[in-house]
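Please open the structure in a viewer and keep the selection tool at hand. The stops below are meant to be taken in order.

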Amino acid sequence: MNQRLHSDIAGLRTLLHQQRAMNRTIGFVPTMGFLHQGHQSLITQSREAGNFTVVSIFVNPTQFGPNEDFESYPRDPERDFQLAIDAGADIVWFPEVTDLYPKSAQTFVTPGDLAKRLCGVSRPQFFGGICTVVLKFFNIIAPDKAYFGEKDYQQLAIVRRMAADFYMDLEVVGGATVRDENGLALSSRNAKLNDAQYQRALWLSKSIAAARAAYARGERDPQTVLEHLKTSCPADGIDIDYLEFRDPVDLELVETLADDSRLFIGCWLDGVRLIDNAQITEP
Ligand code: AMP
């Protein structure tokens, strides 16, 4: 099936009911659109697992703060539809803000400690907004499997926690980060970077490589590695939000680096929000 649906929660549910009646499992890939190969890899992963695959395209207002880029977030629904279908989507769903947040809605999910670190420090509303919209999506679609990228590792961890905390009958599946030929993690916001800014953005992925090299040489002190990464940061235009090594499961800071420690980077580059993360050893 190659179907585009606007709004129409009832129509979406009817289609999914028909698929379940034919014993199809449902795979779900939530996105904010402006799709790239990172999104496509999740869609293909769902398709290859044999799922009837639903992709949502929705820039979720409740995860943006008042001075953030909700209005200027890049959008291109026509292209998104085609890229999602090319990657193996069966349904591409474009809900409206009023579908998911009608005037009558007043319930909001408040995630716990996992949401109070990393991106949650500078964006206190962020993960509550994500959990709220993801819970709405899960209840509308009732997927067997939901796919989230490791590019947004904290989001993946928080959604996994929410699914477990609420005994949701679904599996949250992680997908590896897709990078461009220079190592920069693909992101819809990369479209906002000019050539000079793009070159500076490569500091994020170079930092991952440098951290891995230091660890391979035997360095085990997180602060030593982080100091080195900070001094290599281009002074002009990159404003570091966080640069930390954390445990992959509880996201606590690590005192001694181990094979599964993860480097997390969050920054603004001339006002464009960029994040990246990776395990210190290549998986
Ligand atoms: P977004 O549209 O930014 O909300 O992302 C939608 C989904 O795609 C999320 O689960 C992201 O983690 C995932 N994603 C975004 N960029 C990448 C990437 N470069 N590689 C893999 N997954 C990604």
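The tour goes from the sheet to the helices and then to the ligand.

This is a predicted model, in which local features need pLDDT of at least 70 and side-chain atom pairs count only at pLDDT 80 or more, while totals for chains, interfaces and linings use all residues. Residues are numbered from 1 along each chain as its sequence is written, and side-chain values use heavy atoms, with hydrogens and water left out.

**The sheet.** Select the strands (DSSP runs of E, at least two residues, numbered from the N terminus). Six of them form an open sheet with parallel pairing, in the order S1-S4-S3-S2-S5-S6; pairing requires at least two DSSP bridges between two strands. From one strand to the next, the twist averages 25 degrees.

**S5 and S6.** Select S5 (residues 145–149), which is joined to S6 by five bridges in the parallel sense. Gly149 stands opposite Gly175 in S6.

**The helices.** Helices are DSSP runs of H or I, at least four residues. Select H2 (residues 37–48), which lies across S2 (26–31), S3 (52–57), S5 and S6. Next, H3 (residues 77–87) lies across S1, S3 and S4 (91–94).

- Gly149: a polar backbone atom is 2.9 Å from a ligand oxygen atom.
- Asp152: a polar side-chain atom lies 2.6 Å from an oxygen atom of the ligand.
- Val178: a backbone N or O atom lies 2.8 Å from a ligand nitrogen atom.

Terms used:
Axes are lines fitted to C-alpha atoms, for helices over the stretch in contact, and angles run from 0 to 180 degrees between N-to-C directions. Contact means heavy atoms within 4.5 Å. A polar contact is a pair of N or O atoms within 3.5 Å; within protein, one must be able to donate a hydrogen and the other to accept it, and residues adjacent in sequence count only if both atoms are side-chain atoms.
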